[in-house]
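Q: Please walk me through how to read a few features of a protein model.

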Amino acid sequence: MDLQFTREEHEFRDEVRTWLRAHVPREERPRDGQVMRDFDLAWQRTQHDGGWAGISWPSEYGGRGLSTMQQLIWFEEYALAGAPWIGSCFVGINHGGPTLIARGNEEQKAYHLPRILRGEVVWCQGFSEPQAGSDLAGLQARAVIDGDELVVTGTKIWTSFANVSDWQELLVRTDPDAPKHKGITWVICDMRSPGIETRPIPTMARVSEFCEVFYDEVRIPLSNVVGDINDGWSVAMSTLSFERGTGFMAEIIELSRFVEDLIAEAKTRTGPDGRRPAINDDELARRLAMVRAEAASLRAMTYRAISRNERKGTPGPEASMLRLLFSTTLQRIFRLAMDVLGVDALEFRPVRSRGGWSGTYMRSYASTIAGGTSEIQRNIIGERLLGLPR
Amino acid sequence: MDLMPSAEQDEITASVSAFLTKELAPQPRFAEVLPPPALDRPLLTRMAELGWFGLGLPEQLGGVGYGLVEEVLVFRELGRHSAPGPLLAMCLGARVAALAGAAGTAGAADIAARIMAARAVVGWARLPSEAAQRPTGDRSEPVEVMLFDTTGADYVLVMGTHDALLYDATAFRDRHAATCLDATVAMSRAVLLTNAAPVAIVGGHESIGARSRVLAAAFAVGMAEATRDLSAMYATQREQFGKPIGVHQGVKHRCADMAVRAEASFALACYAALVVDGLGADAAMQADAALAVALDAAQRNAADTVQVHGGMGFTWEHAAHRFVERTHVLDEMMGGSRRVLADLISRDGPNL
């Protein structure tokens with residue numbers, strides 16, 4: 001075990017820092033609609049032009065081909081530079097793109113990958129359904145083969161950015177008679193196809209990126225199927241461990257900053273006794289100390305996960321431990337922020353806005369649900385790491 | 001950067017584990033009031049022969065020359081076995097004496113050599129927090145202390161907030177044996193005399209306080225791992241309603257949470273050890289955080305283990321209570337987790 005970065009890694013860090021310092025957008029990221037989409041794509045384009053698009057993608061597909069350790073360095077510097085959240089580019093860069101790289105055919109890769117990297121298109125995910133949440137394999141959106149097309153009818157839900165997307169990674173049921181994992185197909189859906197209707201779902205965090213998507217006999221060319229018909233479950237699983245592993249490294253790094261920002265707030269704000277700073281309140285001080293400790297442990301656990309990844313090449317079920325601790329710690333931090341801010345916390349400030357503790361607090365309720373609920377993560381940890389019976 | 005153990009480090013873990021599995025005495029038979037445990041000198045001698053008490057000391061000071069992270073691996077195994085005896089005091093006492101000797105304190109190097117060979121035994125004194133914060137020599141009144149594992153001890157270690165002090169055992173008077181919550185720990189109340197002079201002192205700049213917290217954290221990590229494993233094994237074997245209880249999410253999820261606490265606290269204990277050894281600016285903060293997280297993990301995992309085992313977990317025969325008890329002893333030896341959290345929040349943040 002050691003904490004030393006190699007000379008190459010130090011040089012890489014310098015290079016990243018210099019580039020980010022010169023190119024990170026100064027203006028705040030818009031939170032909604034076309035201007036948000038334009039902002040996210042422009043930032044993606046800037047990164048592409050600077051040679052920083054697809055840092056985890058292999059270089060043969062136009063990515064940067066960084067090792068996990070270099071990705072960590074990138075995200076550390078990204079957070080330090082105050083660079084904007086990836087936003088509507090998340091699915092294309094971290095999910096759709098990597099899935100195409102793993103399972104797409106040459107035509108699909110040649111068409112879509114450069115467009116994702118260049119910031120020309122927004123992708124969204126069509127996995128969950130009203131009746132298929134944690135039990136994702138129970139999805140029912142029906143797809144019938146008609147000539148050289150799939151005809152899709154059904155409903156998808158919790159699709160972030162569907163209303164500003166060009167493409168969607170869509171899971172559909174192509175064989176209703178097969179066992180549930182065996183009748184699913186992974187297909188690329190053009191979001192401008194006739195028969196698609198998206199409806200935003202207002203959330204408790206007051207952001208409107210969340211959507212429900214309705215499909216009424218939507219025709220998708222069979223050439224958009226990734227992998228084989230009825231083999232979509234394995235295609236979807238090829239990137240799920242990625243999402244639970246290094247895919248949210250940026251958020252873990254951001255979490256340490258939240259803690260230190262909150263401690264700084266507690267030093268300047270008047271505490272519950274109306275006289276002394278909040279940090280002088282014994283209970284608040286203890287809770288702040290504990291989240292500082294937990295954030296440190298999460299960071300160390302991330303380093304351990306990356307080290308494991310460098311040796312074994314895959315995140316493995318340990319990624320669920322990281323995800324579970326991250327999401328519960330995040331909630332504790334923002335719950336504590338509400339107590340540190342006192343009555344000021346009641347003034348609503350949007351998610352990810354400057355001083356936006358209250359909006360992000362409301363957003364934090366999603367962290368133990370999105371990307372696999374904490375209950376599902378605990379099942380994975382119990383069964384795959386501890387060997388408990390199913 | 002690599003936070004996974006090397007092959008050599010795995011070898012250390014395996015050999016320590018094998019030794020402890022073979023050598024440790026069974027727990028005491030039940031009695032409402034148990035006699036104070038005797039010091040197992042032969043066991044200490046065998047541990048000394050393996051170099052455990054000088055593991056992290058440089059070879060020119062008579063040690064083995066490993067880093068703090070290797071000591072973490074040893075103390076984690078000791079925690080897994082909830083090993084009894086003055087092991088933390090021996091390890092830190094040897095360091096205090098060796099460093100003081102290297103800095104010119106007469107006789108200290110010899111004391112260090114005797115401790116490392118287990119020819120001298122070191123116990124542990126827990127000062128009231130207010131007294132512990134006062135620097136050395138600023139003690140105008142006798143201090144009431146709690147002693148741990150000082151039966152047959154030649155020296156007693158005091159971990160102050162600023163300094164670490166090694167006293168001759170005769171500096172502690174008016175000893176009254178107390179029955180410890182943990183039947184494997186010898187405990188007594190005593191008074192540290194005003195005029196007592198330490199035989200060795202190490203200042204805070206040697207990060208001795210951070211080292212002590214990291215090692216205590218490692219012991220707690222071992223306990224959190226052992227209780228996780230006990231629970232997972234029992235949840236797999238014990239059947240009710242015709243199936244293993246681990247099938248049920250109420251039990252499975254409790255075990256999963258134990259696994260996360262164990263993993264997080266182990267990762268941070270290793271990380272903090274490397275930061276302390278590397279003289280990182282945030283070493284003290286990371287050490288505090290490591291101990292806070294590990295004590296929390298050990299305490300909650302021990303409590304969960306009692307619960308997962310149902311009635312069996314409440315019996316004397318089962319090991320669960322030993323982990324509950326030892327966690328509280330470790331917590332108080334280190335000044336109490338509230339003290340640790342107070343220190344943690346008073347420091348600068350981590351190097352991000």
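Q: Which residues of H1(A) are exposed on the other side of the helix, and which are buried?
A: Buried means under 20% relative accessible area, exposed over 50%, and partly exposed in between, with a 1.4 Å probe and protein chains only. Helices (H or I, at least four residues) and strands (E, at least two) are DSSP runs, numbered from the N terminus. In this predicted model, A:Arg7, A:Thr18, A:Arg21 and A:Ala22 of H1(A) are exposed. The buried residues of H1(A) are A:Glu9, A:Phe12, A:Arg13, A:Val16, A:Trp19 and A:Leu20. Viewed down the axis of H1(A), these buried residues fall within an arc of 140°, so they line one face of the helix; the arc is that of the directions from the helix axis to the C-beta atoms.

Q: What covers the buried residues of H1(A)?
A: Contact means heavy atoms within 4.5 Å. The cover includes helix H2 (33–49) and helix H3 (68–80) of chain A.

Q: How are residues and chains labelled, and which values count?
A: Residues are numbered from 1 along each chain as its sequence is written, while chains are lettered from A and ligands numbered from 1 in the order in which they are written. Local features need pLDDT of at least 70, side-chain atom pairs count only at pLDDT 80 or more, totals for chains, interfaces and linings use all residues, and side-chain values use heavy atoms, with hydrogens and water left out.

Q: In what order do the strands of the open sheet in chain B run?
A: Strands of a sheet pair through backbone hydrogen bonds, either parallel or antiparallel. Two strands pair if DSSP finds at least two bridges between them. In chain B, seven strands form an open sheet in the order E5-E6-E2-E1-E3-E4-E7, with mixed pairing. Strand E5 (172–178) and strand E7 (200–202) of chain B each have a single partner strand, so one side of each is left without a neighbour in the sheet. E5(B) pairs with strand E6 (residues 187–192) of chain B in the antiparallel sense, over five bridges.

Q: How many aromatic pairs are there over all chains?
A: A pair of aromatic rings is described by the distance of the centres and the angle of the planes. Rings of Phe, Tyr and Trp (its six-membered ring) pair if their centres lie within 6.5 Å; planes under 30 degrees apart count as stacked, over 60 as edge-to-face and the rest as tilted. A search of the whole structure finds 17 aromatic pairs. The rings of A:Tyr303 and B:Tyr271 have centres 5.5 Å apart and planes at 40°, so this pair is tilted. Both A:Tyr303 and B:Tyr271 are buried.
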